[in-house]
Amino acid sequence: MDALFLNQLFNGASLASLYLLAALGLALSFGLMRVINMAHGEMLMLGGYLAWMTLLVVPGALGIVLAIPVAFIGAAAMGGLIQSTLIRRLSARPLDTLLATWGVSLILQQAARDLFGAIGVEVRAPDWLTGSFMIAGVTLPSARLFIILIAALVLGGLALLLLKTRIGLLVRAVNQDRMMASAVGIDVKRVDFTVFCLGSGVAGLAGVMLALLGPVTPNVGQSYIIPAFLVVVMGGLGSIVGTTASAIILGLFAALAQIFVDVSVAQMLLLVFVILFIQVRPQGVIAVKSRQLDA
Amino acid sequence: MIRSRLLLLATSACALTLTACSGGGSSNAPTGDSVSVGVLQSLTGTMAISEMTVKNAEMLAIEEINAAGGVMGKTINALVEDGASDPSTFAQKASKLIESDGAVTVFGGWTSASRKAMLPVFERTKNLLWYPVQFEGNECSPNIMYSGAQPNQQALPALEWAVAQGHKSFFLVGSDYVYPRTANLILKKHIEKGGMQVLGEAYVPLGGTDFSGVIAKIAQAKPAMIINTLNGDSNVAFFKQLQAAGISTKTMPVMSFSIGEQEAKAMGATLVEGSYAAWNYFQSLPGDANAKFIAAYQAKFGKDAAITDPMVHGYLDVYAWKAAVEKAKSFDPDAVRKAAATLGGFDTPMGKVSFAANQSLTQKAYIGKLKGDGQFEIIADSGKDIAPEPYDALAFPGKTCKL
Amino acid sequence: MPDLSRLNPAKPFLPWVLLALGIAAPFALSAYDLNLLARFMAMGILALGLVLIWGHGGILSLGQGVFFGLGGYAIALHMKLADLPQGEIPDFMVWSGRESLPFWWEPFASPAFTIAAILIVPTLVGALFSWAVFHRRVGGTYFALITQALALAFSTLIISRQDVTGGFNGLTDFYSIFGIGLASPGTGSMLYWVTLAILCAAFVGLRWLLASRFGILLRAARDGENRVRFLGYSPTPFKVVAFAIAAMLAGISGALFTLHAGVVSPALIGVVPSIEMVVWVAIGGRYSLAGAIVGALLVNLARDAVSSAFPELWLYLMGALFIFVVTLLPRGLAGLIKGKAA
């Protein structure tokens with residue numbers, strides 16, 4: 001039991017990293033614009049396919065390292081396109097944004113099916129990512145260690161960006177009070193756009209990580225997007241710390257529950273856990289303080 | 001009352017369309033010089049990738065037969081419908097094919113869910129379905145011809161082979177649906193009866209890609225062999241994460257029941273190389289009939305197209321129907337099914353097979369080992385033809401097939 | 001386009017013509033087409049519930065499939081038991097390794113219990129679930145996301161408990177309902193009329209409800225939840241009651257659909273079908289009861305016609321149509337006909 005427990009603890013950490021990478025973009029844009037992009041899962045998919053294509057062009061050990069910026073930029077561009085053509089028009093109607101972006105997700109999935117085939121493609125991880133380490137009876141696959149490392153780097157980078165740069169200052173200002181920020185001359189639309197691109201890019205990067213663990217298929221994003229939504233719900237409005245905490249809690253919960261129950265039941269328990277959690281803390285793990293009544 | 005006005009418009013529009021579509025009830029006796037049959041597979045949704053190839057194989061057989069003069073002097077008119085990977089759509093389309101479009105028989109279905117949903121339609125209309133995929137047994141309807149393997153024609157021969165190789169403990173992993181759970185139930189009974197061990201059993205939702213928990217359990221249980229009934233994409237994730245966790249399929253071999261040539265090719269064969277699969281047909285089977293079928297299929301659908309067991313079953317179903325119609329000298333489903341069951345052996349790409357009295361196919365089982373090019377090296381076969389047993393005597397005592 | 005808004009009350013006979021057409025349909029349509037129409041009408045009942053919660057309550061549910069499934073499974077349980085020879089258990093339990101009927105199946109042998117379950121279970125689940133979320137003032141986008149997770153969890157759970165639910169296969173192979181053979185002549189028409197009657201009743205009932213004080217407060221809570229609070233009302237009970245009614249309608253819809261389709265399975269109740277239910281209403285018009293019914297009929301007819309001939313096209317079409325309607329035509333088809341005056 002002990003080895004299994006430790007193993008699952010580690011698996012929970014890697015699952016949490018994936019949840020976090022998938023949810024960060026959602027949480028950032030939600031904090032700013034109060035909208036959820038249902039096509040966010042397809043940014044993961046796009047990242048996966050871009051990684052696959054990069055490896056076709058640059059095979060070898062470093063292909064995967066190159067794939068990371070490629071996927072980031074590609075997904076960010078696609079996110080920017082969606083934001084500027086669709087989401088911006090719907091900014092005052094969050095529920096309609098949800099639905100319209102679901103339409104986008106449907107189209108993107110079908111396009112991937114037509115372009116790359118329904119069966120999916122396989123990204124071959126380089127040798128330095130296929131091995132594993134054994135520590136105290138626990139197997140640590142390098143691919144999963146790599147994912148945890150990347151998630152930590154992304155998180156650190158984002159924190160620096162938000163806390164230390166001018167754009168970070170603007171984002172925080174809009175996050176706290178959109179009207180006021182606009183009144184003092186911040187171009188809120190540009191901030192929205194930038195954050196949306198950034199968030200989509202992180203999702204694209206998450207797609208590369210998923211490609212290390214499984215096939216890239218047209219609906220690869222779907223299996224991680226619903227847990228990512230739950231992370232956002234539980235995380236609290238626009239707080240990176242809250243999102244991170246919530247991703248860790250849910251990732252560990254999902255992995256540890258699997259010691260006792262099937263994956264299917266674990267999924268149900270995850271939802272029950274989130275509903276119970278909002279009974280206690282409806283504002284999420286961490287809430288940004290605001291005097292606004294109607295958010 | 002604007003709402004009502006709108007409703008009126010729509011309802012009358014719908015009513016008109018519907019009336020226009022319905023050609024009135026027909027007794028489905030072919031008139032003129034053509035005969036209609038249904039081809040009902042999922043062309044959209046999650047199952048489309050697998051079912052599309054079966055549709056292709058069925059259409060190929062129909063075209064070949066038409067080119068050779070048709071059935072009893074009539075050209076076959078194939079009506080293709082989309083089951084959309086949804087059981088209720090399968091039932092709806094089956095009923096459309098039979099009741100509105102006059103199909104004398106239908107080829108199709110893949111998942112057990114689709115077959116179960118169609119079964120009442122075929123029984124009600126007294127029509128005949130030709131079902132091409134391996135399944136969990138436990139069903140026999142007079143209105144279905146089952147050409148795919150029963151558990152005793154695929155799963156159990158695979159187990160016997162594994163035991164003969166000296167494997168004594170097993171871990172069962174599968175996608176969460178009916179075939180894996182029931183096949184594993186049967187396997188467990190046989191494993192326990194043989195005094196061997198089942199060290200664990202785990203199911204992952206269809207399409208699931210996170211196997212970290214399952215693999216941790218496998219690593220702890222250390223079985224001699226993994227028996228894998230995962231479906232589709234999940235296989236890639238499973239093998240990849242197995243490899244990443246340092247478990248080699250050389251020391252812990254995997255026997256799969258749902259990986260065919262198509263899946264192996266898509267997965268990147270290097271990942272699954274050396275693992276085993278059990279089927280009634282492999283593309284690498286020798287024989288002229290097989291070579292001819294492969295050439296015809298690849299000429300039409302691409303020279304790299306993989307050929308799989310369900311495709312061959314779909315293909316031979318059409319020929320079996322033709323032979324049965326000619327024997328019965330009638331398109332009447334009841335006459336055709338009786339003729340089919342007494343047809344005796346007929347030649348197919350997978351060799352000589354025949355339909356048993358319980359309307360399932362008598363066929364051989366083969367064990368293949370995956371090679372680097374995505375093809376299987378056939379390393380064992382059941383030798384004799386295996387008679388189909390819809391109800392496993394050990395797992396379901398007292399159950400028999402009553403037609 | 002003539003000014004249709006003046007038709008009322010000048011032409012009060014229109015709804016009656018409509019009703020007459022609906023009643024006469026079994027004489028004009030083939031059995032297959034009648035079954036199809038009945039199926040889509042059953043879906044229309046669910047769509048009516050979405051108008052109540054989404055159009056007038058501002059509550060977007062991406063999990064109506066759950067309640068649809070509860071109703072569908074309730075009636076399926078009854079029909080499975082009704083056809084069972086004495087002392088046997090349903091076939092799928094046998095091949096899943098079960099030896100006895102689970103205790104919670106047994107009461108479904110009674111028709112009265114089944115009908116009560118179809119009406120009460122979805123309502124109760126809907127009420128409890130929405131109360132748990134709304135009373136903590138969580139709503140809007142969060143609520144939509146949680147309902148989607150609910151749809152996923154519910155369908156996954158049904159699949160994983162194959163021994164008592166039929167799993168991925170769902171439940172099928174029904175022969176009779178309340179002693180009437182499903183295949184016997186006349187049953188199809190009768191079930192169709194029952195569906196039509198329930199659809200009309202739901203339509204009339206909701207029209208009344210939306211015009212009542214309840215409807216006014218529901219809309220008020222949609223437009224300014226905190227203002228309603230300042231006026232001394234708690235919006236939570238209104239939203240919970242509306243959600244429970246919509247859940248009940250979805251349950252009835254699921255039960256009727258199962259009767260017509262002859263099968264209920266997880267494929268009908270998961271994440272994607274649940275969103276498609278919202279698509280019907282978005283296209284028909286989220287504020288309009290009649291629009292929702294038309295949306296359910298049209299989208300399903302179109303799917304039937306398009307998906308076989310052009311399987312790939314269907315998904316593009318559906319996605320594009322959805323984006324178009326939601327962005328540019330939020331009132332749906334009903335908005336087109338009513339014009340800006342409505």
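A: Some ground rules: axes are lines fitted to C-alpha atoms, for helices over the stretch in contact, and angles run from 0 to 180 degrees between N-to-C directions. Helices (H or I, at least four residues) and strands (E, at least two) are DSSP runs numbered from the N terminus. This is a predicted model, where local features need pLDDT of at least 70 and side-chain atom pairs count only at pLDDT 80 or more, while totals for chains, interfaces and linings use all residues. Residues are numbered from 1 along each chain as its sequence is written, and chains are lettered from A and ligands numbered from 1 in the order in which they are written.

Now the close-up. In chain B, helix 5 (residues 155-164) and helix 6 (residues 178-193) have axes that come within 10 Å and cross at roughly 40 degrees. That makes helix 5 of chain B oblique to helix 6 of chain B (under 35 degrees is roughly parallel, over 145 roughly antiparallel, 65 to 115 roughly perpendicular, the rest oblique).

Who touches whom? On the helix 5 side of chain B you'll find B:Ala155, B:Leu156 and B:Leu159, meeting B:Ala183, B:Ile186, B:Leu187 and B:His190 of helix 6 of chain B; contact means C-beta atoms, placed from the backbone, within 7 Å. By class, that contact has 6 nonpolar residues, 1 polar and no charged (Ala, Val, Leu, Ile, Met, Phe, Trp, Tyr, Cys and Pro are nonpolar; Asp, Glu, Lys and Arg charged; the others, Gly among them, polar).

Helix 3 (residues 31-55) and helix 12 (residues 235-261) of chain C pack at about 170 degrees with axes 8 Å apart, which makes helix 3 of chain C roughly antiparallel to helix 12 of chain C. Their contact divides into 19 nonpolar, 4 polar and 1 charged. Helix 4 (residues 64-82) and helix 7 (residues 140-160) of chain C pack at about 35 degrees, with axes 8 Å apart. There, C:Gly65, C:Val66 and C:Gly69 of helix 4 of chain C meet C:Leu150, C:Ala151 and C:Phe154 of helix 7 of chain C, giving 4 nonpolar, 2 polar and no charged residues.

Zooming out, chain C has 16 helices and 4 strands, and its C-alpha trace spans about 65 × 50 × 40 Å along the principal axes. Its average pLDDT (the predictor's confidence in each residue, from 0 to 100) is 88, with 95% of the residues at 70 or above. Residues 1-10 of chain C, though, are below 50.

Chain A has 11 helices and 2 strands. Between chains A and B, the contact takes 27 residues from chain A and 29 residues from chain B. On the chain A side, helix 1 gives the most, with 7 residues, and the chain A residues divide into 11 nonpolar, 13 polar and 3 charged. For the whole complex, the predictor gives an ipTM of 0.89 and a pTM of 0.89.

Conventions:
Contact = placed C-beta atoms within 7 Å.
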